[in-house]
Amino acid sequence: MLNYVFFRMKMQNKRFAATFMNNKGYTAANMLIAFLATTIIISSFAPMLSFFLKLNTRQQDLHPSEWNLFLIELHREIKTSQQIMVKQNVLQYKNQKGEVVTLSQYNDLLRYQVDGKGHVIVLRGVQAAHFIPIIHGVKIEITSLEGKRFEGTIRDVKGVIPD
């Protein structure tokens, strides 16, 4: 019985193979179509790869929206602070807890430190940062790595204590 099943399967496979043998095989047209499809697929990898690599790289220069967000956050902090001071191009103030918060440039970063501890980055891509005391506030001038200049003024009725 088992031999009959194998014999029957063998005969069916021969019939299946025989139907394709009558089509005169794999033609040059079939080969060209397969080659064309493969070439299109492989050639599309390079643009896709460069697109995905661009998504992973970060812009080194300071973006205007980063600058605006920084000014908004700093204005919020200074509004609730006390004793705003500018010393040696460093902005210092006391927060609501009485801790001394320092905003200064460190390499190409602008960072916060609380009581001289920590390292909270607030801006990247900063070539130069200047804090200038003005009447009832402080003027901030930033130069980005590509030379773009950003300026902002934060006013507060308490004023700034110059060094």
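**View 1. Glutamate 141 and lysine 139 form a salt bridge, with their closest N and O atoms 3.6 Å apart.** A salt bridge is defined here as a side-chain nitrogen of Lys or Arg within 4 Å of a carboxyl oxygen of Asp or Glu. The structure is a predicted model, in which local features need pLDDT of at least 70 and side-chain atom pairs count only at pLDDT 80 or more, whereas totals for chains, interfaces and linings use all residues. Residues are numbered from 1 along each chain as its sequence is written, and side-chain values use heavy atoms, with hydrogens and water left out. Glutamate 141 is buried, at a relative accessible area of 15%, while lysine 139 is partly exposed, at 25%. Buried denotes under 20% relative accessible area, exposed over 50%, and partly exposed the range in between (1.4 Å probe, protein chains only).

**View 2. Salt bridges that share partners join Lys139, Glu141, Arg149 and Glu151 into one network.** Lysine 139 also meets glutamate 151 in a salt bridge of 3.8 Å, N to O. Glutamate 151 belongs to strand S8 and lysine 139 to strand S7, so this pair ties together parts that are 12 residues apart in sequence. Glutamate 151 is partly exposed, with 44% relative accessibility. Between arginine 149 and glutamate 141 the N to O distance of the salt bridge is 3.7 Å; arginine 149 is exposed, with a relative accessible area of 52%. The count of salt bridges by this rule comes to 5.

**View 3. Strands S6, S7 and S8 make an open sheet of 3 strands, in the order S6-S7-S8 with antiparallel pairing.** Strands S6 (126-134) and S8 (149-155) stand at the edges with a single partner strand each, so one side of each has no neighbour in the sheet. On average, neighbouring strands of this sheet are turned by 15° against each other, direction ignored. Strands (E, at least two residues) and helices (H or I, at least four) are DSSP runs numbered from the N terminus, and two strands pair if DSSP finds at least two bridges between them. S6 is joined to S7 (residues 137-144) by 8 bridges, and glycine 137 in S7 is the bridge partner of isoleucine 134. Helix H4 (residues 64-79) packs on the sheet, touching S7 and S8, and its direction makes about 20° with that of S8. Contact means heavy atoms within 4.5 Å; axes are lines fitted to C-alpha atoms, for helices over the stretch in contact, and angles run from 0 to 180 degrees between N-to-C directions.

**View 4. S7 and S8 form a hairpin with 4 residues between them.** In the turn, glycine 147 has a positive phi of about 90°. The antiparallel strands S7 and S8 are joined by 7 bridges, and valine 138 stands opposite isoleucine 154 in S8.

**View 5. Ile41, Ile42, Phe45, Met48, Phe51 and Phe52 make a nonpolar surface patch of about 640 Å².** Helices H2 (28-43) and H3 (45-56) are the elements that give two or more residues to the patch, and H3 gives the most, with 4 residues. Isoleucine 42, in helix H2, is exposed at a relative accessible area of 54%. Patches are made of residues with over 30% relative accessible area and no salt bridge, like charges being joined within 9 Å and nonpolar side chains (Val, Leu, Ile, Met, Phe, Trp, Tyr) within 5 Å. Accessible areas come from the Shrake-Rupley method with a 1.4 Å probe; for residues, only the protein chains shown count as cover.
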